[in-house]
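Please have a look at the structure on the screen, and I will then take you through it slowly, from the parts of one chain to the pairing of two.

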2 protein chains.
Amino acid sequence: MTEITDCSGLVTLDDIRAAADRIKGAALRTPLVPYPVTGPDRPLWVKAEALQPTSAFKLRGAYNAISAQIDRAREAGVVSHSSGNHARAVAWVAARLGLRAVIVMPDTTPPNKIAAVRALGAEAVIVKPRERDTKAFELAEEHGYLPIPPYDDPYVIAGQGTIGLEIVEDMPDVDAVWVPVSGGGLSAGISTAVKALRPETKVFGVEPELAGDAAQSKREGRRVVWEPEQTYRTVADGLRTTGVGVLNWEHISRYVDDIVTVSEEQILAAVRSLILDTRVVTEPSGAVSTAGFLAHAGAEPGRHVAILSGGSINPELLAEVMRG
Amino acid sequence: MTEITDCSGLVTLDDIRAAADRIKGAALRTPLVPYPVTGPDRPLWVKAEALQPTSAFKLRGAYNAISAQIDRAREAGVVSHSSGNHARAVAWVAARLGLRAVIVMPDTTPPNKIAAVRALGAEAVIVKPRERDTKAFELAEEHGYLPIPPYDDPYVIAGQGTIGLEIVEDMPDVDAVWVPVSGGGLSAGISTAVKALRPETKVFGVEPELAGDAAQSKREGRRVVWEPEQTYRTVADGLRTTGVGVLNWEHISRYVDDIVTVSEEQILAAVRSLILDTRVVTEPSGAVSTAGFLAHAGAEPGRHVAILSGGSINPELLAEVMRG
């Protein structure tokens with residue numbers, strides 16, 4: 001599936017523009033919402049991806065990957081493995097396009113997330129956590145399903161990159177963009193778009209300290225993978241993957257200026273502040289980029305944008321955060 | 001100040017278009033966010049005005065009124081009376097345009113709301129509740145300040161009407177629009193814009209049962225005013241005014257198809273659902289329109305939009321609503 005990339009194997013600005021054409025009307029063109037807490041020398045806006053129909057940016061990549069390969073998807077159906085926002089996005093896109101979808105989920109997935117995928121008409125196949133990837137691969141082999149990986153895929157990277165296009169279109173003089181890093185689909189796509197359109201804009205990745213594999217990779221100049229036992233400690237459950245994808249790393253190592261980390265306390269403080277000060281509901285993973293800005297933007301004056309990547313917070317945690 | 005209205009004294013579509021030009025770049029062009037709970041025969045989108053820089057639609061009317069009369073505002077400053085979102089909007093606009101602002105607030109105003117206005121550089125004048133209107137009038141007379149009324153003003157109505165323009169532009173086939181009713185600036189402006197652009201679109205006003213003065217007015221065909229002791233019982237504190245304005249009623253009686261009411265329980269259930277299902281934080285007043293849709297849209301198939309008018313909810317109430 002590298003036919004959409006250039007000769008270096010990387011996703012290009014043209015790929016991202018093609019993705020923008022495909023997702024138009026399906027994904028919401030999310031606003032840049034001002035974050036009024038910061039001072040005039042360093043104003044911040046948040047790109048409110050939590051407002052997407054499935055609560056997160058994942059819809060963009062899933063829609064691009066499926067619609068770019070629509071003939072195969074229509075013929076055989078699609079398969080994916082995820083317990084979170086990507087699963088819901090794939091199920092939603094399949095429902096919208098009238099396709100069969102099979103989602104492989106670990107038996108540790110909360111029942112409400114399994115129910116949400118089934119409510120969209122997808123088939124949920126429940127497996128042991130360690131069988132998740134292999135089971136999806138087996139089903140694709142056996143039934144010819146089109147696999148829609150959560151991040152390590154050029155179409156998915158190009159889809160997430162449409163966020164970068166929109167930011168530069170809406171704020172042509174943006175000075176810095178802060179992006180949460182997990183598997184690296186979002187940071188690879190956005191950094192590719194932003195650096196192609198405005199090379200002087202800085203792109204910063206942000207991770208929880210407890211899942212700081214990409215920050216370590218960036219420091220050491222090589223892709224480092226952490227064990228699940230380490231990354232599973234952070235409250236930012238969307239950022240617990242064990243290392244960025246191989247293709248993603250090729251983009252991140254070139255286009256992301258630096259990757260910083262934030263503490264659990266900083267993440268939860270940003271959740272509370274974003275909800276009260278921008279009125280956009282965020283899950284912990286969605287607040288990590290703003291936490292990164294608040295902790296690390298001191299040396300960077302100018303106009304900043306943080307990606308508020310998703311809003312799937314459970315009501316109990318939201319109540320707890322509001323109690324302060 | 002009727003020079004912007006037509007010979008009937010009503011605000012026109014041209015006035016609203018002029019307002020749209022003035023507020024461009026200051027007010028956020030808010031998205032229509034899909035509300036995924038409703039079925040395919042009656043889909044709902046919410047117009048997310050809670051994302052405005054001052055948390056509510058009030059910014060539109062305040063910005064239009066001040067910038068349309070900028071010479072006087074610049075010379076003498078502006079004065080307004082409000083304890084809520086309008087006060088904050090006037091203070092914000094004055095700060096942005098570098099003007100003096102005086103806000104008359106009753107001594108029952110929560111300290112954090114007084115502090116918010118002062119933090120924006122406005123002067124807060126604290127008075128007994130019954131002196132609020134007269135004090136603002138006196139200050140305007142004495143110092144030549146430009147008064148910016150909260151709703152009963154053609155410029156304010158035209159500013160709020162820009163929401164109607166944006167809805168029809170973003171969804172040209174919209175079938176019904178649900179609008180919270182208080183003093184009537186929002187419902188007068190939106191209904192004027194929507195009926196001018198697409199007369200077949202229905203516009204429904206929604207009120208709390210406990211502040212149902214406009215619903216009674218609509219039923220009886222005459223403007224009815226309730227006592228503060230009645231309207232102050234509702235949790236929707238933005239909708240506690242004691243009757244729609246005189247000029248507002250002229251628009252509402254012509255352009256709003258019907259006004260319905262909702263219970264306190266329906267309002268709080270809608271707050272919870274909007275926050276979890278659209279990821280837009282809403283205060284109770286902002287959820288009233290969606291509550292109206294959920295309770296009364298049964299006979300109206302088609303594409304619906306509800307105005308989520310503001311998001312200034314306090315953290316304690318938000319925590320309580322999330323506990324369920």
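Before anything else, a word on contact: two residues are in contact if their C-beta atoms, placed from the backbone, lie within 7 Å. What you see is a predicted model, in which local features need pLDDT of at least 70 and side-chain atom pairs count only at pLDDT 80 or more, while totals for chains, interfaces and linings use all residues. Residues are numbered from 1 along each chain as its sequence is written, and chains are lettered from A and ligands numbered from 1 in the order in which they are written.

Let us begin with chain A, which has 14 helices and 10 strands. Its radius of gyration, taken over C-alpha atoms, is 18 Å, close to the 20 Å that the globule rule (2.2 Å times the number of residues to the power 0.38) gives for 324 residues, so chain A is as compact as a globular protein of that length. Along the principal axes, the C-alpha atoms of chain A fill a box of roughly 55 × 45 × 40 Å.

Chain A is divided into domain 1 (2-58 + 153-323) and domain 2 (59-147), with bounds that come from an automatic or database domain assignment. The C-alpha centres of these two domains of chain A lie 23 Å apart. Where they touch, 24 residues of domain 1 of chain A are in contact with 16 residues of domain 2 of chain A. On the domain 1 side, the elements that give two or more residues are α1 (13-23) and α7 (154-170) of chain A, and α7(A) gives the most, with 7 residues.

How do α1(A) and α7(A) sit relative to each other? Their axes come within 8 Å and cross at roughly 80°; here axes are lines fitted to C-alpha atoms, for helices over the stretch in contact, and angles run from 0 to 180 degrees between N-to-C directions. Angles under 35 degrees count as roughly parallel, over 145 as roughly antiparallel, 65 to 115 as roughly perpendicular and the rest as oblique, and α1(A) and α7(A) are therefore roughly perpendicular to each other. Among the residues of α1(A) that meet α7(A) are A:Asp15, A:Ile16 and A:Arg17, and the α7(A) side includes A:Pro154, A:Ala158 and A:Leu165.

Now to the two chains together. A rotation of 180° with 0.0 Å of shift along its axis superposes chain A on chain B, with an RMSD of 0.0 Å, and that is the relation of a two-fold axis. The superposition is by least squares on the C-alpha atoms of residues with pLDDT of at least 70 in both copies.

Which residue of chain A comes closest to the rotation axis? A:Ala319 does, with its C-alpha at 2.0 Å. The same surface serves both copies, as 100% of the contact residues of chain A recur in chain B.

The contact takes 22 residues from chain A and 22 residues from chain B. On the chain A side, β1 (32-35), α12 (264-278) and α14 (315-323) each supply at least two residues, and α14(A) gives the most, with 5 residues.

Note on methods
Helices (H or I, at least four residues) and strands (E, at least two) are DSSP runs, numbered from the N terminus.
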